[in-house]
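Thanks for asking me to look this over. Here are my notes, point by point, for reading alongside the structure.

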Amino acid sequence: MISGEKLVQLVSSLLQQVYALLDLSAYAGILDRVVCAVVMFGFVAVFVMFLVWMERKVSAHMQSRIGPNRVGPLGLLQTLADAIKLTTKEDVRPAKRDKIPYFIAPILAFVATFMGMVVVPFDNKMVVADLNIGVLYIIAITSFTVIAILSAGWSSNNKYSLLGGFRSAAQIVSYEVPLVLSLVPVIMITGKLNFSGIVQYQQQAGYWFVFPQFVAFITFIASATAEANRAPFDIPEAESELTGGFHTEYSGVKFAMFFLGEYVAVVVSSAVAATVFLGGWLPPLHFLGFIPGFVWFMLKVLLIIYLIMAFRWTFPRLRVDQLMDFGWKVLIPVTILNILVTGFVVLLFGKGA
Amino acid sequence: MTDLLLSQIKPGGESPFGTDEYVVNMGPQHPATHGVLRLVVKLDGETVKETMPVLGYLHRSIEKICENRTYPQCITYTDRVDYVSAMSVNLAFALATERLMGLEAPPRAQWLRMIFVELQRLASHLLWMGAFAGDIGALTPFLYGLRERERILDLFEMTCGQRLTYNYIRIGGVMIDILPEFVPKCRAFLDYFDPKIPEYEELLTYNPIFLERTKGVGVITPEVGINCGVCGPSLRGSGVSCDVRKQHPYLFYDQVKFNECLENDGDCWARYKVRMNEMRESVSIIRQCLDRLEPGPIETKLPPILKAPPASEIYFRIESSRGEMGIYLVGDGTPKPYKAKFRCASFSNTFVLDQLTRGWKVADIMAVLGSLDMIVPEVDR
């Protein structure tokens, strides 16, 4: 029977042998981390490519189309073809751009979102860095995108980009608050900021947090969708209003970075939601435990991603002021109320109620 | 409170933050203008201060060209006036010319014209629905709209060989009689299409975000609407009865039963609702027309050279998919019109835009523009 833990042990023992062969055993600690990070990067990059294909298939299904079906089996290599197209494209840059932020923005958008994946456990012990403040880390790191988008909007020297950038700044700053607040009740109950710890708590308690904290789950998904600039909260790039928003002036590889960054943000949000609310690597029923944990984790992530995709293809887009209203007047009060109620329950029945 | 804040913001940086208005060109190339309409928008942050439509990017001087063409030749150009609803413009020109020359098409031709114009209205409204939903960010209805429009275009192609510029309704009748299988196919389409309208409504009409975006946005009061020359479904959304089919029936519209769709709110949602209901009415009209279609000639005998009487003029209007479509023709006894003027609904609907968007957000321009159902070639001709 294969499990994430065993897989990790297997790989690390293999790695030890490789280190010994190459006479690098002294640096094993650092090298392990590097290998982990590279593997994670590769996995997420491929997964995101799959997601782009999945989004196109999901949208096609919803719109009674077929979707990509030419490149590779079921069109699975379509994204690869797109990536090749984007990387070989001319990098068109506006003449009066602000050079340094214009160059840094896509890299930042890409890297900042990728870094979030580092602390998410795929299975028991199957995590790049099991930070004890994982939740805080992920919240901090994902907010970097706002700097990227803002500087992209500003440095492009384009009015639409600027509007998009400012919209995004307002949006991400506002939705950061309910995003954090909807994670707070879970932290209150578990008393842990560590993702593996939260999952282990759910294992011991025998339930997933989506049931006692359904409101928090909903608010989390809503604010995570907004954080990732996905429809119906995609006003920073609102195609029909701002042509392309902050990435109007980007092309080629730089555009691809923004594009992939958006999907990685979706993956990170879904991974966090799956870990915190859906029990991470835990199987839904005990007898299903023979399926390895990371498979369950990926299934849960895909489920939430599908949900977010379904939003995009069924809802119209909110207006910028309505978006702010929704964030500040609906989501934040609801999350605060939820925290209050959770606090009372925790006080009355003790932790783990 | 908001007004107070706004009043503090003056151009030139007098407010503590030193904000400034800026001008954005929306169009001629912009995803939301459906062609080459250019809007010069003065913005204060996200708030619209002024919207100025700039026309002429698609001007092909069709009216002037018509002065150098014989009447039957002009029909070809009318297709290009409004390519989304080409049948309607064909019909308007054909009817105007017939009136000018004192001709009348046989009954079968009249019924056929009604069927095709109403099918065209369906196709046009479907495309509008998709484009409007796309403008406010819902991308899926567009595909749904086009899916059904495709079947209508198939019906057109089956009859006249064309899918966009039909040139089907001619002076004195129609180009060619329908195929025997047209009627059952058309009925099959209507039966297929009927349950589709509730499907669209399920996706959009009471969607909370859709309501947020359209309810109360871009309200055309009846006074403003009439003063600005708004017409068609856009004005009916304000509760003003202005359906030419009802008020000045042409063809056999007085012999079929249908309701004029009215809504009272005058906002984008009301205009949306009017068009959705109009689709239902069109389906019922087509059904009645199919029932009453009888064999007979499809063309009157025309003189070898069509000449308008000297010093004659005519203004004839029909209800096109976008509203009142008027044709003004002056004849001078030659085979060519001395003057041709098309009064197009899109053109007159354009100028209410500034009033509707002032003080609203950028995104509302798209909602309002979409809800007015503008076709740029019709604006510029």
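How many helices and strands does the secondary structure of chain A come to? It comes to 13 helices and zero strands, where helices are DSSP runs of H or I with at least four residues and strands are E runs of at least two, numbered from the N terminus.

1. Ground rules. This is a predicted model, so local features need pLDDT of at least 70 and side-chain atom pairs count only at pLDDT 80 or more, while totals for chains, interfaces and linings use all residues. Residues are numbered from 1 along each chain as its sequence is written, chains are lettered from A and ligands numbered from 1 in the order in which they are written, and side-chain values use heavy atoms, with hydrogens and water left out.

2. Confidence in chain A. The mean pLDDT (the predictor's confidence in each residue, from 0 to 100) is 83 for chain A, with 97% of its residues at 70 or more. Within chain A, helix α10 (residues 239-242) has the lowest confidence, a mean of 67, and α9(A) the highest, at 87. Where pLDDT is low, the predicted coordinates should not be read in detail.

3. Overall build of chain A. The C-alpha atoms of chain A fill a box of roughly 60 × 55 × 45 Å along the principal axes. Of the 353 residues in chain A, 53% are buried (under 20% relative accessible area, with a 1.4 Å probe and protein chains only). Among contacts (heavy atoms within 4.5 Å) in chain A with a separation of 6 or more, 76% are between residues 24 or more positions apart.

4. A helix pair worth a look. In chain A, helix α9 (residues 214-227) packs against helix α11 (residues 252-277) at an angle of about 170°, and their axes are 10 Å apart. Axes here are lines fitted to C-alpha atoms over the stretch in contact, and angles run from 0 to 180 degrees between N-to-C directions. That angle makes α9(A) roughly antiparallel to α11(A) (over 145 degrees). On the α9(A) side the contact uses A:A216, A:F217, A:F220, A:I221 and A:A224, and on the α11(A) side A:S269, A:V272, A:A273 and A:F277. Eight of these contact residues are nonpolar, one is polar and none is charged.

5. Chain B. Chain B has 17 helices and eight strands. Its C-alpha trace spans about 75 × 50 × 35 Å along the principal axes. Buried residues make up 59% of the 381 residues in chain B.

Terms used:
Parallel < 35°, antiparallel > 145°, perpendicular 65-115°, else oblique. Nonpolar A, V, L, I, M, F, W, Y, C, P; charged D, E, K, R; others polar. Buried < 20%, exposed > 50% of the residue type's maximum accessible area, 1.4 Å probe, protein only.
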